[in-house]
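Please look over the sequence and the structure first.

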Amino acid sequence: MEKVLVNNNFKSEEYFINMGPQHPATHGVLRLLLTIDGEIIKKVEPDLGYIHRSIEKMSERDSYQQIVHLTDRMDYLSSHINNEAVCLTVENALQLEIPDRIKVIRTIIGELTRIASHTLWWGVMGMDVGALTTYFYGFRDREMINDIFEETCGARLTMNYNIPGGLMFDIHPNFVKRTKEFITHFRTKLPEYDRLLTGNVIFQKRMKGVGMLSKEDAISFGASGPVGRGSGYSCDVRKHHPYSALDKVTFKEILKTEGDSFARYQVRIEEMWESMSIIEQLIDNIPEGDHQVTTNAVIKLPKGEFYQKVETARGELGVYVISTGTKNPYRIKFRSPGFSNLSLLNHIAVGGKIGDLVASMATLDLVIPDIDR
Amino acid sequence: MNTMNIALNITQTIQDLLVGMMPESVASIVTMVVIALIYLIIFAVAGLYLVLLERKVAAWFQLRIGPNRVGYWGLLQTMADALKLVSKELTGTVKADKFLYNLAPYFVIVTSLMALAVFPFTQEFQAFDINIGIFFLIAISSIGVIGILLGGWSSNNKFALIGAMRSGVQTISYELSIGLSLLTMVLITGSLQLSEIVEVQKSGWLIVQGHIPAVIAFMIYMIAGTAETNRAPFDLVEAESELGAGFHTEYSGMKFAYFFLAEFINMFIIAAIATTIFFGGWLSPFGITDSIPWLGIFWFLGKTLVLVFLMMWFRWTFPRLRIDQLLTLEWKYLLPINLVNIVIMAIIVWLNLTIKF
Amino acid sequence: MTNEALQNLISSWIPELEFSEEASQFINITVQPEQLYQLMLKLKTNNDTYFDYLFCLSGVDWEPELGVVYHLESTKHRHIVVVKVKTSDRENPTLDSVCDIWKTAEFHEREVFDFFGIKFNNHPNLKRLFLTDEWEGFPLRKDYVDEINMVIK
């Protein structure tokens, strides 16, 4: 059956173009309906649902350990942090006492995941604006992190290493050594990234003044993560509602006030430096202890509502569980950061050019499975 | 020595050979056909190996190796690709204007071939030594734009049309800069004929003779030349992450190969013009091997390939410019600098301040 | 502000609200659909509460009612409050939209409409978000039946 999409605000001198769902710049299956006038964009309407897998409905008949497995596939670039969110919700609801070793290891792997996600973002960002070599440099560093994960957790991308009650296995003996090697290697590479892309005049011309987002708009649209921090909105969940071992480390929250794409870019680059400093503070002093706290095989949360916020690489992920005391949640809702970040695309892209849309979308760092769930 | 000298002036040699066998007019026509075939072969081989060079250079920049399975060091890779392209189905859109759609690739190929014919690869190895050499080259590159516009228009595809329009605007704007920077150098040589220009450089390469304005002219020429051939950082037209593949979205198989090859040959032509005008053509530095004329081919190719490598280096390092930034660069920056440069060069030539050896 | 103080302040605006803190980390306010918009506007604009960050908008099927849960946070005072609203009309549930108060609500309300069927008044673009436009039924309701796509354990 042919489906015809009619845009009711279509004026005769405007041009209606479809970007996606298969498109090299939309980072996943996102379809954008653009109404353009020459080169200027008049309206951007995202069309979602191409990778909707009804995770929320599926979770209503799954046990909590199975739900952890599903969250890997939401924002697959920060899969460990997604798992951590659900595990923390369950552990806080059951009021389990988690030993320090587990917390520290979760934080270290979470920060490594953040660095891996940001290097991939950097590589793809360069590719979107035309510097095709950055993709390979970003992936070279990400491969090192993936190898560390593979040794410890068993998988490179969807790690599924957290369980409610701790970690599935203890860390591999090589973990500490390899992480330290990686940090030493990466400290020499980040300045290289700056020389290649950040300091480039062409790149700065493409990014500065493009996709402006004011602080009030950022808060109103619910922007979080680097998108919010690039506009001066202090929204780092690691600072305001710390979890795991994050209250024991000192790190800066990176805030920029300009609100353009270049500010968001710089926030992510500097976040990588901060993540490395967090890992360095923790890696030498991993406390001894168990890697798991025993829970029942069938976890039943007490009756009530529970909310847990974590900071993924994209922003604030929220897990909202309504439980009636049975072994499945009555309702589970994942507040994904990409969903709110995508809603501001229309706001920042209108009035700019198509090239600006691509650049702004790259700085929003959208991962579509995170939005579609 | 004698035989080698005669062999280089190919047009004359072949003509003389044939005059003995058939009447004059037929001999000249057959000569023309033979020369055209030779250049077509040079064009095809050069195109193929330039594509391979690009892939290898890109790979080395990106920490990879590049094609190395097909033939030793990947030398037969493009041959395999060409065979694949030849065997592909020639698709076309339903409402495409058939005649223009088929005609468009030929425009770009023919103009590239014509430009290739006037270069002095070495002393007397030149198919067509016209006395308005540079003017001829610039005029030919203007004809190439028609091919791009026709390709985009006749595909009956919104994206292709947008891509073709952008490309047309870009090419027409940057031709101005190319013309003016070449004009700057002509002020020193006093002649448009390419072999004369190389002769003048026997007393020092033009980039050295003209010192400051020549260096500025060279830099403007390289920027404008990269933009002229739609290479990065000016490749908005073919930007994959923006809107499909630009004006050649609807082409496949051999016709796509024509556009693709023509882009590489254009790159070679821009580099070759720069070599001839700025870097002494086939002359060796300080005249060390000038007594062996056929070595001139290697000097010419070597210098051209260095400039081609420079253009490839640009492509894999810099991000892309937006269309309005591209046009601002040309009209607000390069053009005024160029005009001022011409005046400076004129003053230097008038006051005899050029460096001669 | 503490939960006590918040409760006192908010109940002074609209008397018929229910407050509860059991079984939840934050203070929950249950409001009637008619007073929803008024309460939300006051929560955002009042300087002492100043809830400018709506960080979660979820639809819930409390059998037999349908409802929406709003999680609000203030970036100035850093306190969190939860507002719940329920409507017992399952055929044609309608609530007021809060799009003009918080711009993030636009997408979230479309998602709730898509999965629960709750319509929002004054919404600029209320149509399905994830599912195709011709989809029948509202999947996240508890009485949703789909022979082909759903696997019941």
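What follows covers the overall build of chain A and then one set of strands in chain C. The model is predicted.

**Chain A: fold and dimensions**
- Chain A holds 15 helices and 8 strands.
- Its radius of gyration is 21 Å, close to the 21 Å that the globule rule gives for 373 residues, so chain A is as compact as a globular protein of that length.
- The C-alpha trace of chain A spans about 65 × 50 × 35 Å along its principal axes.

**Chain A: contacts, burial and surface**
- Of the 373 residues in chain A, 64% are buried.
- Take the contacts in chain A between residues at least 6 apart in sequence: 70% of them join residues at least 24 apart.
- Chain A has an accessible surface of about 12800 Å², and carbon and sulfur atoms account for 52% of this surface.

**Chain C: strand β5 and its partners**
- Strand β5 of chain C runs over residues 80-87 and is mostly covered, with 7 of its 8 residues buried.
- β5(C) pairs with strand β2 (residues 27-31) of chain C in the parallel sense, over 5 bridges.
- In that pairing, Ile29(C) stands opposite Val83(C).
- β5(C) also pairs with strand β4 (residues 65-73) of chain C, in the antiparallel sense and over 8 bridges.
- Here Glu73(C) stands opposite Ile80(C).
- β4(C) and β5(C) form a hairpin, with 6 residues between them.
- Arg78(C) sits in the turn of this hairpin and has a positive phi of about 60°.

Methods: Residues numbered from 1 in each chain as written. Chains lettered and ligands numbered in written order. Predicted model: local features only at pLDDT ≥ 70, side-chain atom pairs only at ≥ 80, totals over all residues. Heavy atoms only, no water. Helix = DSSP H or I, 4+ residues; strand = E, 2+ residues; numbered from the N terminus. Rg over C-alpha atoms; globule rule 2.2 N^0.38 Å. Buried < 20%, exposed > 50% of the residue type's maximum accessible area, 1.4 Å probe, protein only. Contact = heavy atoms within 4.5 Å. Areas by Shrake-Rupley, 256 points an atom, 1.4 Å probe, with all protein chains shown as cover. Pairing = 2+ DSSP bridges.
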